[in-house]
Amino acid sequence: EDYCLYLEASLITGELPTLDEQINFALNGAKGILDRATIYENMIRAYCADDKFQKAIDLSRKALLEFGIKLPKNAGKGLVIFEAIKTQMALPSKKLNQIHNFPQMKEEKAIGATRIMKEAALAFFFGELTVFPIVIFKMVQLSAKYGNIPEAMVAYSSYCIILAGVM
């Protein structure tokens, strides 16, 4: 926890040139997988705030691998359609308005991955738009399988926009 506070303080003070060193320092001291997720979230948020979307994307991919999620470097229409179908199949046959009845997510890897993808979504939207829907689909799939956390709201709202055909 001290490492997370140290990293957050560095972000607040704007000491971004030493961010990579601080990241490694914080990750080496992380006590658990959710601490690591918090560190990654803060790092991704800092890169996005500094308009370093590609750095945020690269870090997101690296972080998500630790949580069992592999994102493609490029997503063609076929892959997007495949993931959309997987997502629809993962959801209950009930209407989408029933998602609030999902249980609370307890699986730490799923919690961490969802939190990281929530922060990464912005970077993918501006840096690799073709992969953005995959990020959203993965978040919805995790929620359908493991339950809800507050960060899932980003997934559901983005998923609805994609379903509406805006993307």
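Reader: Before I look at side chains, what is the mean pLDDT of the protein chain?
Author: The mean pLDDT of the chain is 87, and 85% of its residues reach 70 or more.

Reader: And which elements have the lowest and the highest mean pLDDT?
Author: Helix H1, residues 2–13, has the lowest mean at 65, whereas H6 has the highest at 97. Where pLDDT is low, predicted coordinates should not be read in detail.

Reader: OK, changing topic: which residues form a nonpolar patch on the surface?
Author: That patch consists of Leu122, Phe125, Phe126 and Leu129, which together have about 390 Å² of accessible area. One of them, Phe126, belongs to helix H6, which covers residues 108–127.

Reader: Why does Phe126 count as exposed?
Author: Its relative accessibility is 54%, and because the cut-off for exposed is over 50%, Phe126 falls in that class. Phe125, with a relative accessible area of 36%, is partly exposed.

Reader: How many aromatic pairs does a search of the whole structure find?
Author: The search finds 4 aromatic pairs. In one of them, the rings of Phe125 and Phe126 have centres 5.3 Å apart and planes at 90 degrees, so this pair is edge-to-face. Phe125 also pairs with Phe132, again with ring centres 5.3 Å apart but with planes at 80 degrees, so that pair is edge-to-face as well.

Reader: Is Phe132 buried or exposed, then?
Author: Phe132 counts as buried, since its relative accessibility is 7%.

Reader: Which residues do the ring pairs link into a cluster?
Author: The cluster is made up of Phe53, Phe125, Phe126 and Phe132.

Terms used
Residues numbered from 1 in each chain as written. Heavy atoms only, no water. Patch = residues over 30% accessible without salt bridge, like charges linked within 9 Å, V, L, I, M, F, W, Y side chains within 5 Å. Areas by Shrake-Rupley, 256 points an atom, 1.4 Å probe, with all protein chains shown as cover. Salt bridge = Lys/Arg side-chain N within 4 Å of Asp/Glu carboxyl O. Helix = DSSP H or I, 4+ residues; strand = E, 2+ residues; numbered from the N terminus. Buried < 20%, exposed > 50% of the residue type's maximum accessible area, 1.4 Å probe, protein only. pLDDT = per-residue confidence, 0-100. Phe/Tyr/Trp six-rings, centres within 6.5 Å; stacked < 30°, edge-to-face > 60°.
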